[in-house]
There are 2 protein chains.
Amino acid sequence: MPTTRANVVVTPGGQAALFATHAATCDAGDTALFIDPYYATYPGTLRGAGAVARSVAATPEHGFQPRARDVAAAAGGARSLLINTPNNPTGVIYTEDTLTGLAQVCRDHDLWLISDEVYDTQVWHGRHLSPRALPGMAERTLVIGSMSKSHAMTGSRIGWIVGPEEAVEHLINLSTHTTYGVPGFIQDAALWALERGKPLEDEIAAPFRRRRAIAEKLLKASNTVAAVPCDGAMYVMLDIRATGLSGEAFAHALLDAERIAVMPGESFGRAAAGHLRVAMTVDDPAFADALTRLVRFAERTAHAA
Amino acid sequence: MPTTRANVVVTPGGQAALFATHAATCDAGDTALFIDPYYATYPGTLRGAGAVARSVAATPEHGFQPRARDVAAAAGGARSLLINTPNNPTGVIYTEDTLTGLAQVCRDHDLWLISDEVYDTQVWHGRHLSPRALPGMAERTLVIGSMSKSHAMTGSRIGWIVGPEEAVEHLINLSTHTTYGVPGFIQDAALWALERGKPLEDEIAAPFRRRRAIAEKLLKASNTVAAVPCDGAMYVMLDIRATGLSGEAFAHALLDAERIAVMPGESFGRAAAGHLRVAMTVDDPAFADALTRLVRFAERTAHAA
């Protein structure tokens with residue numbers, strides 16, 4: 001099915017798209033599913049749209065891939081399922097098997113699939129597949145895009161929703177009544193950036209690709225810190241359960257001892273407990289130095305325990 | 001009570017503030033009151049926030065001033081009252097008596113007063129009083145402001161809400177989950193404009209003040225077209241009931257015959273039936289010419305009837 005302008009609504013950022021898609025698909029009291037670990041605003045956004053937010057765990061034991069059976073088990077009374085691939089905070093890309101399974105659940109339980117794909121230009125290994133492209137899914141999928149990550153335009157607040165024409169008509173109406181639209185000069189800037197095509201996207205992605213290689217090399221040697229394979233997005237997730245500390249305790253101790261700030265896995269939900277999210281957003285030498293010190297700190301901590 | 005930064009949340013435009021104030025004050029199914037005639041997005045915005053929108057007429061017989069007794073009669077089950085002064089579409093400024101009466105109704109019925117004051121720099125006669133300044137009202141009033149009218153920054157989508165600290169805390173949380181905030185460079189531009197103070201506001205308001213004088217002079221002579229006294233905002237409302245036509249029929253006929261576009265009163269609700277809203281947004285000679293031809297057209301129409 002071709003995607004035309006009738007399938008797109010521009011929003012003031014991906015966050016506004018997250019809110020709008022849930023406001024559009026859920027009535028007050030409907031259940032909205034999302035995957036744990038999750039981006040920090042997810043549960044509040046679903047509740048803000050009037051829905052009851054219900055999480056489904058994607059565990060480290062399954063490589064942080066959500067399982068169709070777990071989603072199906074939680075789907076009673078649900079109207080929507082929110083997923084995010086490439087994933088923040090895990091750096092995992094959902095496999096075709098994962099997405100095919102989730103799509104089946106959405107069709108079986110008549111769920112809207114809300115697919116947050118804001119990291120779709122940051123793919124380091126494997127490939128990103130939009131579930132909207134799967135059979136029977138274009139009519140029940142709302143894809144969320146944004147210029148924040150792909151073009152480093154976070155501060156400009158511009159994103160979009162791609163979906164079926166009839167849903168987009170309602171979303172445009174909702175947009176008129178919630179924000180009235182996005183400044184024209186910001187849309188012009190986004191258009192300019194998009195017209196530069198893949199070369200600009202690759203240029204923006206290049207530092208993360210480099211740092212991901214640095215992280216892979218530095219972490220290979222450690223028996224204490226295990227990296228979740230980072231296939232996409234600008235984060236590398238570290239399993240530090242071998243230290244005996246929770247992610248939260250480790251993150252606080254690391255900040256105190258080494259002045260290095262990382263996000264504890266627990267701040268993204270229970271499924272990422274005992275993990276850390278490292279953002280690859282500092283320059284290469286600082287990143288390599290911080291990661292080296294983090295690994296040494298983890299090893300000292302493990303030996304002391 | 002002093003107004004501090006803890007009383008303010010910046011929003012992507014006054015429209016986003018309208019939505020946020022109703023999302024914050026009304027649960028799904030609560031009644032939200034608004035005054036007819038009204039700005040076009042009002043009922044949809046209230047419904048979009050999950051509320052049941054209920055209008056209270058402010059009739060031409062009472063100079064388009066809403067009456068406290070009418071609001072009180074509609075207040076059963078309501079959580080909020082939305083007003084707009086200086087008013088779009090009528091050009092009326094609510095009197096101190098009107099606002100004191102409405103404030104009493106809000107206190108008696110435990111209503112939030114949502115006060116849309118986006119035309120507060122466009123006052124041609126009398127004075128604008130914010131109901132937040134009335135006794136006992138600061139704790140139950142949410143004031144909506146915007147740079148769109150006062151500084152001609154419509155395309156930049158920046159506005160704000162002023163209210164009690166506790167409500168603002170919740171509104172900031174809602175803002176994080178619906179838009180994530182307003183671009184910093186747009187806030188910088190707004191700050192620059194606000195720091196120019198009253199001289200810039202007066203400069204932006206000057207063309208409307210001139211055209212309002214043109215309209216007053218041109219309309220004085222007509223027995224067919226009666227202007228509602230235009231005390232504020234960039235609109236003059238014309239009573240064309242003497243022509244025997246509805247506002248809608250007149251507006252269509254005028255467009256066909258004279259290629260002049262005006263908004264029929266009916267598009268702002270039933271209370272403004274038989275009226276036209278003329279926007280004072282074309283240059284002075286074109287405005288004078290269009291208004292002259294509108295009056296002649298009305299007189300021909302009345303005589304032919």
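Me: What should the 14 residues of H6(B) span, and how far apart are its end C-alpha atoms?
Reply: The expected span of a helix is 1.5 Å times one less than its number of residues. For the 14 residues of H6(B) that gives 20 Å, and the end C-alpha atoms are 20 Å apart, so the two agree. Helices are DSSP runs of H or I with at least four residues and strands are runs of E with at least two, numbered from the N terminus. This is a predicted model, in which local features need pLDDT of at least 70, side-chain atom pairs count only at pLDDT 80 or more, and totals for chains, interfaces and linings use all residues. Residues are numbered from 1 along each chain as its sequence is written, and chains are lettered from A and ligands numbered from 1 in the order in which they are written.

Me: Which residues of H6(B) are called buried, and what do they pack against?
Reply: A residue is buried if 20 or more other C-beta atoms, placed from the backbone, lie within 10 Å of its own, exposed if 12 or fewer, and partly exposed in between. Ala167(B), Val168(B), Leu171(B), Leu174(B), Ser175(B), His177(B) and Thr178(B) are buried. They pack against H1 and H2 of chain A, together with E1, H1, E6 and E7 of chain B.

Me: How many residues of chain B are in contact with chain A, and which element gives the most?
Reply: Contact requires C-beta atoms, placed from the backbone, within 7 Å. By this rule 22 residues of chain B are in contact with 22 residues of chain A. Helices H1, H2 and H6 of chain B each give two or more residues to that side, and H6(B) gives the most, with four.

Me: What puts the buried residues of H4(B) on the same side?
Reply: Thr98(B), Leu99(B), Leu102(B), Ala103(B), Val105(B) and Cys106(B) are buried. They cover an arc of only 160° around the axis, and therefore lie on the same side of H4(B); the arc is that of the directions from the helix axis to the C-beta atoms. The face turned away carries the exposed residues Glu96(B), Asp97(B) and Asp108(B).

Me: What makes E1 and E3 of chain A edge strands?
Reply: Two strands pair if DSSP finds at least two bridges between them. The open sheet of seven strands in chain A has the order E1-E7-E6-E5-E4-E2-E3, with mixed pairing. E1(A) and E3(A) are edge strands, each pairing on one side only.

Me: In which sense do E2(A) and E3(A) pair, parallel or antiparallel?
Reply: They pair in the parallel sense over six bridges. Leu33(A) stands opposite Arg54(A) in E3(A).

How values were computed:
Contact = placed C-beta atoms within 7 Å.
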